[in-house]
Amino acid sequence: MDYFAHETAVIDEGAKIGKGTKIWHFTHVMPDSEIGENCNLGQNVVISPGVKLGHNVKVQNNVSIYTGVICEDDIFLGPSMVFTNIVNPRSAIERRDEYVETMVRKGASIGANATIICGNELGTYCLIGAGAVITKPVPAFALMAGNPAKQIGWVSEYGHRLEFGDDGTAVCPESKDEYQLEAGSVYRITS
């Protein structure tokens, strides 16, 4: 094995797990799921069939990632955050063929106890605040908070709030990278 799995973890046949990944206590990785290299799956995590996690994805304790969720590289999923995969679930009605895809783009971070309603795309490097409820697509670099979540600002790739000047530029205080705000979108212009 090129990865570590705690003795209490359950890894079903058919799951693909990348080199250097760590899987901790009471975690269940189901068949036909794909986990990239150097991921960390905390305690009591469930990875459902068909889920795809890129490289360097950090999944904190008590997170269930349901069929239909795709996470690109460098994603952070905070403790007890929640994904959904059915728009209108009912116990007595079988809807396994109606799972709705949720895409989490590179570098996104989702805070503890946040809820992500299925069918939405979370843009690159966005930051979802703890307890936020995402009901619509999230732009790249957006800072989201509340229930339902509203955009309250912009963040850098390093997760710092960006303050844009009259010229539409901002500088990350940690990396010193420069960002441009233009027509309601943010992108990095230097590194």
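How many bridges pair β23 with strand β24, and in which sense do the two run? In this predicted model, β23 and β24 (residues 178-182) are joined by three bridges, and their pairing is antiparallel. Within this pair, Thr169 finds its opposite number in Gln180 of β24.

The pair belongs to an open sheet of three strands, arranged in the order β23-β24-β25 with antiparallel pairing. The edges are taken by β23 and β25 (185-188), each of which pairs on one side only. On average, neighbouring strands of this sheet are turned by 25° against each other, direction being ignored.

The loop between β22 (150-154) and β23 (169-171) holds Ser156. With a relative accessibility of 1%, Ser156 counts as buried, because buried residues are those under 20%. Beyond its neighbours within four places in sequence, Ser156 makes contact with Tyr125, Phe141, Leu162, Cys172 and Tyr179.

The largest nonpolar core comprises 45 residues, and the members touching the most others are Leu53, Ile65 and Ile128. Among the elements contributing to this core are β12 (69-71) and β21 (142-145), each supplying at least two residues. The surroundings of Ile128 can be described in detail: when residues up to four places away in sequence are not counted, Ile128 touches Ser109, Ile110, Gly111, Ala114, Ile116, Leu122, Ile134, Val138 and Met144.

Key: Residues numbered from 1 in each chain as written. Predicted model: local features only at pLDDT ≥ 70, side-chain atom pairs only at ≥ 80, totals over all residues. Heavy atoms only, no water. Helix = DSSP H or I, 4+ residues; strand = E, 2+ residues; numbered from the N terminus. Buried < 20%, exposed > 50% of the residue type's maximum accessible area, 1.4 Å probe, protein only. Contact = heavy atoms within 4.5 Å. Core = buried A, V, L, I, M, F, W, Y, C linked by side-chain atoms within 4.5 Å. Pairing = 2+ DSSP bridges. Axes fitted to C-alpha atoms, helices over the stretch in contact; angles between N-to-C directions.
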